[in-house]
Amino acid sequence: MVGGRAADLAPTTAVKIFSAGTAGCVADLVTFPLDTAKVRLQVQGESKPLVKGQRAEYRGVFGTIFTMVKTEGPRSLYSGLVAGLHRQMSFASIRIGMYDTMKQLYTRGSESTSASKPHPTTQYTADYSQLPRDVTTMDVFLRLSSPEKEKCSYMFAVLTGCLPNITRNAIVNCSELVTYDIMKELILKYNLMTDNMPCHFTAAFAAGFCTTIVASPVDVIKTRFMNSVPGQYSGAVNCAITMLIKEGPTAFYKGFVPSFLRLGSWNIVMFVSYEQIKRAVMRFQQS
C-alpha cells in the first residue's frame, strides 16, 4: 500500500459490510448466466432420466446458455436474479464483511494478525447467523432457475435442503475466502505484487479454483436435493448414495466446468470490486 492515503486506513466493520454486499451484487450481475447454466447442468436428468441413446438437452456451459437463449429467450439466463441479489445483500455482506472482525477476535494476541493489514475474506462462523435467510433465498433462486418449477410447493420448499446448504456454505467459506486471505498474504509477504488489482485478481482466481475442487460434490448434492420432488430422497445422504449407485462417482462433479467458470469469475469480480468499493468509501469518508 502507498502510505498516507485515506484508502490505506483500516476500514470500519460497517464499511466492510456495505462494500461486501455491494460487491456480491456486482459479481452476481456479471456471472448470473453462468450460475443458471450450472444449475441446469446439475439437475439435468433428475426428474426424467435419459434413456439409452437419448442426447442430453444441455451440453457444456456455453451450449446450455445457447440452448436456453434459443428455446426460452435471453431473459431466462437471469431467471431468479432478484432472489440472487437478495441473497448477496443478506449473506455476502455478513460473511465477507465480518471476516476481519471475527478473525481478530479468535486470534487476539497472535503475532500473525495485524489490524494494519486487513484482509477481505470470510469467517464461516459468522456465516451461521445468516443461514436461515440464505437457505430461503437460494432455494427460491434454484426453483426459479429450474425449468420444472411448477412441481414445487413453495409453502414447504423454502427450507428444503437446509442441511446440505449449511454444509456447502461452510465448505465454500472455508476454502474460498480463507484461500484468498492466505494467497494475498503470501503474495504481499514475498513482494510478488503490491496490494493492487493484479494481486487481488490472482488471489481470487486461486480461491475460485480451490473452492470448485472441494465444494463441487456438496454443491451438486445440495442442488439435486433442493430441486427434488417431496419424498424423492429421504435426506442428503440418501441423495448422495442414490447418485453414486445410479450415475457413478463422476456425477458429483457434473457441471464442474461451469462451476469453475462461475466461482472463478465470481470471486474475481467480487474481490476486485470489494477492494475498490471499500477504498472508494474510505476516500469519501476522509474527503
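Mentor: Let's start with a word we'll need: a residue is buried when its relative accessible area is under 20%, exposed when it is over 50%, and partly exposed in between. Keep in mind that this is a predicted model.

Trainee: How many helices and strands am I looking at?

Mentor: The chain has 11 helices and 0 strands. Read from the N terminus, the elements go α-α-α-α-α-α-α-α-α-α-α.

Trainee: And what fraction of the contacts joins residues at least 24 apart?

Mentor: Take the contacts between residues at least 6 apart in sequence: 78% of them join residues at least 24 apart.

Trainee: Let's do charges, then. How should I read a salt bridge?

Mentor: Side chains of opposite charge can pair when their charged atoms come close. By the rule used here, the chain has 12 salt bridges. One of them is between R262 and D35, whose closest N and O atoms are 3.6 Å apart. This pair links distant parts of the chain, with R262 in helix α11 and D35 in helix α1, 227 residues apart.

Trainee: Are those two residues buried or exposed?

Mentor: R262 is buried, because its relative accessible area is 7%. D35 has 6%, so D35 counts as buried too. D35 sits in helix α1, which covers residues 13-43.

Trainee: Which residue does R40 form a salt bridge with?

Mentor: R40 pairs with E72, and the closest N and O atoms are 2.9 Å apart. That pair also links distant parts of the chain: R40 is in helix α1, E72 is in helix α2 (residues 61-72), and they are 32 residues apart. Burial is worth checking on both sides here. R40 counts as buried because its relative accessible area is 3%, while E72 at 39% is partly exposed.

Trainee: Now the rings. What numbers do I need for an aromatic pair?

Mentor: A pair of aromatic rings is described by the distance of the centres and the angle of the planes. The count here is 5 aromatic pairs. Y180 and F271 form a stacked one, with 3.7 Å centre to centre and 5° between the planes. The pair links distant parts of the chain, Y180 in helix α8 and F271 in helix α11 (residues 256-286), 91 residues apart. Both Y180 and F271 are buried.

For contrast, look at F205 and F260: that pair is edge-to-face, at 5.8 Å centre to centre and 85° between the planes. F205 in helix α9 and F260 in helix α11 are 55 residues apart and link distant parts of the chain. F205 counts as partly exposed because its relative accessibility is 40%. Together, F205, F209 and F260 form one aromatic cluster.

Trainee: Last one: N191. Why would I look at its phi angle?

Mentor: Most residues other than glycine have a negative phi. N191 isn't a glycine, yet its phi is positive, about 55°. The residue is in the loop between α8 (162-189) and α9 (197-227), and its 67% relative accessibility is why N191 counts as exposed.

Trainee: Which nonpolar residues make up the surface patch?

Mentor: I182, L186, Y190, L192 and M193, with about 510 Å² of accessible area together. Y190 belongs to the loop between α8 and α9. With a relative accessible area of 54%, Y190 is exposed, because the cut-off is over 50%.

How values were computed
Residues numbered from 1 in each chain as written. Predicted model: local features only at pLDDT ≥ 70, side-chain atom pairs only at ≥ 80, totals over all residues. Heavy atoms only, no water. Helix = DSSP H or I, 4+ residues; strand = E, 2+ residues; numbered from the N terminus. Buried < 20%, exposed > 50% of the residue type's maximum accessible area, 1.4 Å probe, protein only. Patch = residues over 30% accessible without salt bridge, like charges linked within 9 Å, V, L, I, M, F, W, Y side chains within 5 Å. Areas by Shrake-Rupley, 256 points an atom, 1.4 Å probe, with all protein chains shown as cover. Salt bridge = Lys/Arg side-chain N within 4 Å of Asp/Glu carboxyl O. Phe/Tyr/Trp six-rings, centres within 6.5 Å; stacked < 30°, edge-to-face > 60°. Contact = heavy atoms within 4.5 Å.
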